[in-house]
Every structure is written in structure tokens, then in C-alpha cells.
Number of protein chains: 2
Amino acid sequence: MNVVVRHAGVLVTCAGDWRPRAGAAAHDLGIVTDGAVVMERGRIVWVGRDTDVPAGLPDSPEVDAARRLVTPGLVDCHTHALFAGSRAGEFAMRVCGSTYEEIMAQGGGISASARMLREAPDADILEQTAGRLWRMLRFGTTTCEIKSGYGLSTEQEVRSLRLIQQLRSRVPIRVVPTFLGAHAIPPEWRYDREGFVRQVTEEMIPQVAREELARFCDVFCEHGAFSVEESRRILETARAHGMDLKIHADELASSGGTRLGAELGVCSADHLLCATRGDLEALRDSGAIAVMLPGTCLGLAKTRYAPGRLMAEIGLPVAVASDLNPGNCYCENLPLMVTLACLYGGLSLEQALVGVTINAAHALRLGDEVGSLEPGKRGDLVIWECDDYRDIAYHFGVQLASIVIAGGVVAAP
Amino acid sequence: MNVVVRHAGVLVTCAGDWRPRAGAAAHDLGIVTDGAVVMERGRIVWVGRDTDVPAGLPDSPEVDAARRLVTPGLVDCHTHALFAGSRAGEFAMRVCGSTYEEIMAQGGGISASARMLREAPDADILEQTAGRLWRMLRFGTTTCEIKSGYGLSTEQEVRSLRLIQQLRSRVPIRVVPTFLGAHAIPPEWRYDREGFVRQVTEEMIPQVAREELARFCDVFCEHGAFSVEESRRILETARAHGMDLKIHADELASSGGTRLGAELGVCSADHLLCATRGDLEALRDSGAIAVMLPGTCLGLAKTRYAPGRLMAEIGLPVAVASDLNPGNCYCENLPLMVTLACLYGGLSLEQALVGVTINAAHALRLGDEVGSLEPGKRGDLVIWECDDYRDIAYHFGVQLASIVIAGGVVAAP
């Protein structure tokens with residue numbers, strides 16, 4: 001089955017040498033004016049000017065982009081999209097001034113999500129999460145990472161990762177599962193942290209690796225969650241089991257997580273609000289991607305966001321993701337994160353756009369699969385309502401994605 | 001033609017004594033569990049529990065809310081939705097660190113919109129603006145104010161207001177026009193401010209009033225725009241011509257605009273980031289509505305937002321609006337403003353919801369027409385994808401409005 005997208009007024013390919021981009025200018029977007037994309041059996045086979053489309057393509061339905069903007073399908077490289085139930089009550093408490101400690105004391109926080117996940121039947125969790133993935137897709141996301149982490153036990157973590165796998169047959173979005181058993185110390189392990197870390201390293205990781213349930217292992221390295229030493233043990237164990245690594249680092253305070261990530265060679269270090277210049281330079285030298293999650297800063301009403309401009313200045317490749325989660329960022333709108341990364345993170349529009357395409361692909365080790373429009377890559381693209389790529393950031397909070405093609409098939413609307 | 005909405009799991013009526021609400025708690029939302037709304041010839045004739053729906057309604061098609069949330073249609077009481085062209089280039093300059101002065105020096109700012117408006121044919125302006133109104137409608141807005149202000153000349157201001165009137169036949173949204181001739185000093189009047197103020201007071205206002213082109217007169221009272229004394233002359237002239245008053249006040253600095261508004265008895269004073277407690281108390285005592293525009297704070301990457309919690313504490317009724325405009329807030333998503341007003345403005349969810357319904361109606365002197373679900377009011381309501389009103393703020397940046405009914409007719413999707 002072939003599909004040809006014709007008459008892309010502005011075709012942003014993000015084509016290049018398939019390496020992560022540190023910084024980006026308009027010319028790094030690989031823009032083709034009046035472009036076209038030919039897809040065969042779900043893959044891109046040709047990209048160029050519309051006037052040069054190869055003749056004699058067999059049985060190729062055409063999608064007319066009507067001179068509008070076309071970009072690669074967006075890649076959301078950090079989400080906690082698999083969850084059950086609502087934490088709207090916490091949101092209400094928070095905006096009225098309650099602290100996280102007060103919310104925790106009333107049974108809120110990650111353990112509330114763990115409780116709701118444990119109590120929900122598989123079918124409910126799948127239906128709720130599929131709804132979120134469809135919403136992401138309509139905003140332009142064609143690849144997304146989903147972390148476990150609301151399990152807080154071996155049984156529920158394994159169940160979560162299996163459910164994440166099952167989502168693949170429900171929504172035409174490419175799903176990348178990440179194991180985040182070390183998301184929080186469960187209440188029942190509060191007085192035996194060591195016992196829980198051993199459960200993660202001795203039970204969960206071996207089983208997740210054996211059943212190939214996740215490509216990545218992530219850990220929430222932060223005061224109040226896992227220490228640098230605990231995080232090191234968990235990530236080293238995961239690496240020994242053949243998993244790639246990620247880390248939630250220096251979100252709430254400068255606590256050494258970014259440095260640990262650099263030392264261990266993580267694929268990405270995420271959040272980074274409080275990382276120092278030296279931390280970020282170490283991360284750059286390690287070859288990792290820095291992931292900004294500005295929606296979470298908004299959801300927590302922060303005035304400090306991750307230092308995107310500094311990252312770009314020192315040559316650290318930046319990705320931008322939604323952090324979609326039920327606690328502090330219930331938002332499937334990845335283009336809104338582009339706006340926030342520009343306004344509050346200091347990224348240029350081009351850097352932010354690279355941050356949700358090719359750099360985000362690299363943050364999932366999928367730089368040779370998605371994130372740009374080039375022959376050989378997956379047929380994932382978005383036709384937008386506008387004809388200017390700057391509108392993705394400028395015209396914010398709305399649904400500008402018009403037609404979303406995933407794997408060479410029109411997936412939305 | 002009658003319509004009945006059945007099985008509203010949570011029916012937020014905002015019913016009450018039709019006066020502006022200072023502060024709001026959950027019980028002020030007038031919630032009916034498993035509710036229903038009966039509309040006849042575009043008006044609400046009955047609201048109550050679904051089990052009590054009057055029998056024998058003639059020819060009434062039913063809309064099944066399927067146990068979801070139903071609220072009044074939202075009211076966006078401050079927009080500059082009528083404009084031509086894009087200022088995405090300014091956005092790009094701004095996020096890369098350019099100052100407003102630098103942007104102005106390159107021909108940007110309000111005068112860029114004035115130039116694009118002047119050069120655009122009526123049909124283009126109407127088509128672009130109608131697209132924005134449809135987008136607003138799909139996010140739940142059924143009434144919106146639209147200001148002129150990109151005319152900067154009598155001819156173009158009058159043209160703008162006539163175009164705003166014409167939008168009424170294109171989109172099923174109730175449009176309230178506001179005359180904002182005093183939006184900026186046009187470049188050609190830079191050395192004769194007095195001459196421009198006289199054009200506003202001696203030419204524009206008399207013609208606008210004579211032709212009944214706008215209910216409200218607004219003025220941008222701020223350093224760099226119009227002084228308190230200029231604003232006073234303009235607003236007093238408008239009042240003498242029978243117009244109701246609004247004021248853009250104390251957005252960028254504390255400059256006396258809020259006090260002026262209180263003194264003149266404006267219907268609403270808008271922005272108010274820098275208004276002092278004393279200013280806000282004066283506004284409260286005058287009976288005006290305070291309008292928060294948090295999207296503009298976001299669009300300008302501010303860390304300071306209007307002091308919503310203080311307003312609520314001192315008993316000043318607060319409305320929340322989008323400020324949709326091409327310069328610093330290109331966003332039709334009014335529910336996103338609810339989220340921002342909670343997170344950064346300190347409003348409770350209930351206060352913010354009242355702020356985009358009944359209080360916003362009062363900010364347009366439409367408190368007896370729209371903003372709540374009560375017999376006699378216009379048949380404007382929204383059926384949401386969720387069943388919890390808190391989700392409007394909590395689940396942000398997305399399109400949660402599912403079915404929008406305007407004037408008793410299903411208008412979207």
C-alpha cells in the first residue's frame with residue numbers, strides 16, 4: 001500500500017545526518033518548499049519537490065496538503081500515560097495552597113495512582129489510556145514513550161508494562177515502554193528502603209529484562225525519591241541486564257542525578273531544572289539528550305523552568321516532551337510544550353521543533369526510525385492547518401494538527 | 001424548535017441571584033446531579049433533575065449527555081479576535097530575546113496588525129476571524145466580546161466594527177462588539193497625540209455611537225499608550241454618547257488606570273497585574289468586574305500574574321478571559337485560561353469557572369442573558385468529555401468540550 005502526500009507548501013523534513021542536533025537554526029529544519037512525500041508499505045521511500053515526484057507510482061492514493069505545513073510526526077519521549085482514575089482533587093488542593101506533604105498526608109501523590117491502578121481492571125486502564133493516546137495522536141504525536149511506575153510492586157509493574165505493550169494494537173501510535181519501578185518508595189516500604197531497592201534490582205529488573213517488557217530503565221533520582229547511590233545500583237543492574245538507561249534528574253533540587261546519568265551513559269536525562277552548567281556540560285560530553293518537560297513546570301505553577309537556552313549554547317542536544325501524568329501535568333498537547341519551551345525555556349522555535357522530532361527520536365534510540373522525513377524512515381507525518389512552522393509555537397493551546405499519518409496510514413482525524 | 005438535554009451526570013448551572021459572584025465555593029456552582037435542561041426557541045425554559053423533566057414536551061429532540069458534565073456555554077469577555085495576518089515573526093524574535101522596542105523598530109507591534117488589516121480585503125478578514133470563532137466554539141465558548149483597535153483611523157475602526165457585526169451571521173456564537181479606537185498611538189500621530197485623541201473623541205466615538213456599532217468603549221490606559229487624563233477624556237466622551245465603559249488597566253505598571261476605571265464606573269477593568277490592594281478595593285466598591293487575562297502573561301513569559309486570590313479575598317468579582325490577539329496571546333482555548341488562572345492567579349477552580357461563565361457575562365452586561373443555566377436565559381451549554389468540573393482546569397491544553405449547544409442548537413462538533 002502506497003500513499004503520496006502532495007503540495008506541502010512548507011515541508012519541514014528535519015533531514016540531516018540522523019545525529020542529535022545541538023542547537024538549531026531554520027536551515028537545520030531541512031525545509032522543502034512545495035514538497036511531497038512518497039510512502040510504501042509504511043515507510044518513506046521518496047522526499048522532494050512536488051514537481052519531481054517520480055512518475056508511475058502504482059496504486060498510490062494522494063493526500064493533498066493544500067499548500068500547508070507538513071512536518072514529521074511528533075515524538076513524545078517522556079510520558080506516564082498509563083494510569084487509572086483522576087487526581088483532580090489534588091489539583092484543587094494545590095491551587096488552594098496545599099503543600100505536597102499535605103496532599104500526601106491525605107493519601108494523594110504517586111501512591112494514590114498506585115492504589116487506583118491496582119484496583120482498576122485491565123480493560124478500564126486500557127480504555128482510559130487509549131483515549132489519551134488518541135488525543136496525543138490528534139495533536140500530532142505518532143511515537144510516544146510510556147513509563148510504568150504506578151505499580152510499586154513487581155506484580156503491578158509487570159502488569160503495567162504488559163498493558164503498555166497491548167496498547168500497540170489499539171492505537172496507531174508507536175509505543176516505547178520504559179520500566180520505572182523506582183518511581184517512589186511505596187508507603188509499605190517506607191521503613192525498609194533497602195528492601196524495596198532490592199525488590200527492584202533482584203526481582204523486577206530480571207523479570208522485565210527476561211520478558212523483554214521494556215527497552216529502557218528509568219529512575220526518579222531526587223531527594224524524597226531515590227538517592228544517587230540507590231539510583232546507581234538500579235541503573236547499573238538494568239544495564240547489566242541489557243537495558244538502556246534514563247534518569248529523572250535534578251528536578252526539585254541539585255542532587256547529583258545529572259552527573260550520575262552522564263557517568264553511566266544514559267540515553268537521556270530528564271527535567272534538569274536545577275542542573276548546573278557543569279552538570280549539563282558533563283551530560284553533553286557523555287552524548288546524552290537533555291529532555292525538557294515544561295508542562296510539569298506549568299502544572300506545578302513554577303516560575304523556574306529548565307535552562308534550555310544554556311543547554312543549546314553549550315551544545316547539548318535538547319528534546320521536549322509532555323511528561324503527561326495524572327499528578328502535575330495532565331496534558332496530551334505536545335505542541336503546547338513547544339510553546340512553553342520557547343517562552344519559558346528560552347529555546348528558539350527551531351530548537352523546540354527539533355526537540356519534538358529528531359532529538360526526541362534519539363532520546364528513545366529511534367533516531368534511525370522516526371523523527372525526520374527521509375527515505376527509510378517510518379511514514380509518520382503531520383499536515384497542519386497553517387503554512388508556517390512558527391505557528392506551532394505561536395498559535396498555542398489549540399489543535400493545529402489537521403491530518404496525522406502514522407506508519408503510512410491516515411490515523412487522524 | 002425545542003431541545004432537551006438529558007442525563008447530565010453533573011449539571012453545573014451557576015444559577016443564583018444573577019449578580020456577579022465575589023469568590024465562589026462548590027455550592028455556588030448550583031450543581032444538579034443527573035440533571036436535564038429543556039430549551040424552546042433558543043431559550044432555556046426548564047432546568048432540574050432528569051427524573052423530573054416535564055412530560056409531554058412537543059417535538060423535542062433529545063441530546064443524551066451520557067452522565068457527563070454539562071455547564072453553561074462559556075463567555076469570553078475580552079478578545080481582539082478580529083485581525084488579519086500573522087505576527088509569528090515577532091513571537092520568534094521575542095523568544096530569542098528581542099525587546100518590544102526592537103520589535104517595534106522592525107515594524108512590529110500593534111501597527112503591524114493595523115497595516116495588515118488595512119491591506120486585507122473584507123472577505124479575508126471575515127474568513128480568518130470566523131475560523132478563530134469556530135475554534136473558540138469548539139473549546140466551549142458561546143459568547144465572545146471582540147474589540148476593534150487594529151484600525152487606528154476612523155475609517156478602519158468603523159470598518160472593523162462593521163466586520164465584527166457581520167461575523168454574527170457566520171458563526172453561531174454571540175458576538176459583543178467593543179470600540180477600542182484608543183489601542184495605541186498610531187505612528188503617524190506620534191508627534192501629535194492630542195490630534196489623535198481628538199480624532200477618537202470628536203470623530204470616532206460620535207460615529208460609532210450614531211451607528212450603534214459597539215456597546216462598549218475601551219481604552220488602553222498605560223505608559224506608552226494613553227495616559228490617565230487622555231483615557232478619562234475618551235471614556236467620558238463615550239459615556240456621554242451612551243456607551244458602557246471598559247479599561248485596560250495597570251498591566252505593565254501601576255499607573256492609575258484601575259482607579260480611573262473605578263471613578264468612572266466602568267463595567268470591567270482588565271489585566272490588573274500591577275494594581276495595588278487599594279486600587280482593587282476601589283474597583284470593588286465601584287461595582288466593576290475585574291478581568292484576568294492569564295494567557296497574555298503566559299504569552300509574554302511573565303512570572304507575575306494578576307493577583308486573583310487577593311481579588312477573591314477582598315470580595316471583588318473576577319472574570320477570566322482569553323485576550324485572544326495576534327501579538328502576545330494567539331489562543332482560542334478559554335479552558336486553558338481557567339487552568340492558568342488557578343495555577344498562577346491563585347483562583348480556586350470554582351472561582352475560575354464562575355469567571356468564564358456568570359461573572360464574564362456580567363463583564364459584558366449580559367448577566368440576565370447568558371452565563372448560567374436558568375429559565376429565561378439563552379440556550380447555551382457545553383457537554384464535556386469528563387464527568388468532573390475540576391477536569392476543566394486539571395486536564396489542560398486539550399479539547400474537552402464534546403458537544404456545544406448555542407441558542408438551543410447543536411453548534412459543534
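A crossing of two helices counts as right-handed if the near helix is turned clockwise from the far one by less than a right angle, and as left-handed if it is turned anticlockwise. Keep that in mind for the first close-up; everything shown here comes from a predicted model.

**View 1. Helices H5 and H6 of chain A cross in a right-handed way.** Here H5(A), residues 154-166, meets H6(A), residues 193-210, with axes that come within 10 Å and cross at roughly 30°. Angles under 35 degrees count as roughly parallel, so that label goes to H5(A) and H6(A). On the H5(A) side, look for Thr154(A), Glu157(A), Val158(A), Leu161(A) and Arg162(A); H6(A) answers with Gln199(A), Glu203(A), Met204(A), Gln207(A) and Val208(A). Sorted by class, the residues of this contact come out as 4 nonpolar, 3 polar and 3 charged.

**View 2. H6(A) also packs against helix H7 of chain A.** H7(A) covers residues 228-240, and its axis sits 9 Å from that of H6(A), at an angle of about 10°. That makes this pair roughly parallel too. H6(A) brings Arg193(A), Glu194(A), Val197(A), Arg198(A), Val200(A), Thr201(A) and Ile205(A) to the contact, while H7(A) brings Glu230(A), Arg233(A), Ile234(A), Thr237(A) and Ala238(A). The tally for H6(A) with H7(A) is 5 nonpolar, 2 polar and 5 charged residues.

**View 3. A salt bridge joins Glu62(A) and Arg6(A).** The closest N and O atoms of the pair are 3.1 Å apart. Glu62(A) belongs to strand S4 (residues 62-64) and Arg6(A) to strand S1 (residues 2-12), so the bridge ties together parts of chain A that are 56 residues apart in sequence. Over all chains, the count comes to 48 salt bridges.

**View 4. Helix H1 of chain A packs against helix H12 of chain B.** The axes of H1(A), residues 88-95, and H12(B), residues 334-343, are 9 Å apart, and the angle is about 50°. H1(A) is therefore oblique to H12(B). Phe91(A), Arg94(A) and Val95(A) make the contact from one helix, and Thr339(B), Cys342(B) and Leu343(B) from the other.

**View 5. Chains A and B superpose by a rotation of 180°.** The shift along the axis is 0.0 Å, and the RMSD is 0.0 Å. The two copies are thus related as by a two-fold rotation axis. Of the interface residues of chain A, 100% are also interface residues in chain B, so the copies meet through the same surface.

Technical notes:
Residues are numbered from 1 along each chain as its sequence is written. Chains are lettered from A and ligands numbered from 1 in the order in which they are written. This is a predicted model: local features need pLDDT of at least 70, side-chain atom pairs count only at pLDDT 80 or more; totals for chains, interfaces and linings use all residues. Side-chain values use heavy atoms; hydrogens and water are left out. Axes are lines fitted to C-alpha atoms, for helices over the stretch in contact, and angles run from 0 to 180 degrees between N-to-C directions. Helices (H or I, at least four residues) and strands (E, at least two) are DSSP runs, numbered from the N terminus. Angles under 35 degrees count as roughly parallel, over 145 as roughly antiparallel, 65 to 115 as roughly perpendicular and the rest as oblique. Contact means heavy atoms within 4.5 Å. Ala, Val, Leu, Ile, Met, Phe, Trp, Tyr, Cys and Pro count as nonpolar, Asp, Glu, Lys and Arg as charged, and the others, Gly among them, as polar. Copies are superposed by least squares on the C-alpha atoms of residues with pLDDT of at least 70 in both. A salt bridge is a side-chain nitrogen of Lys or Arg within 4 Å of a carboxyl oxygen of Asp or Glu.
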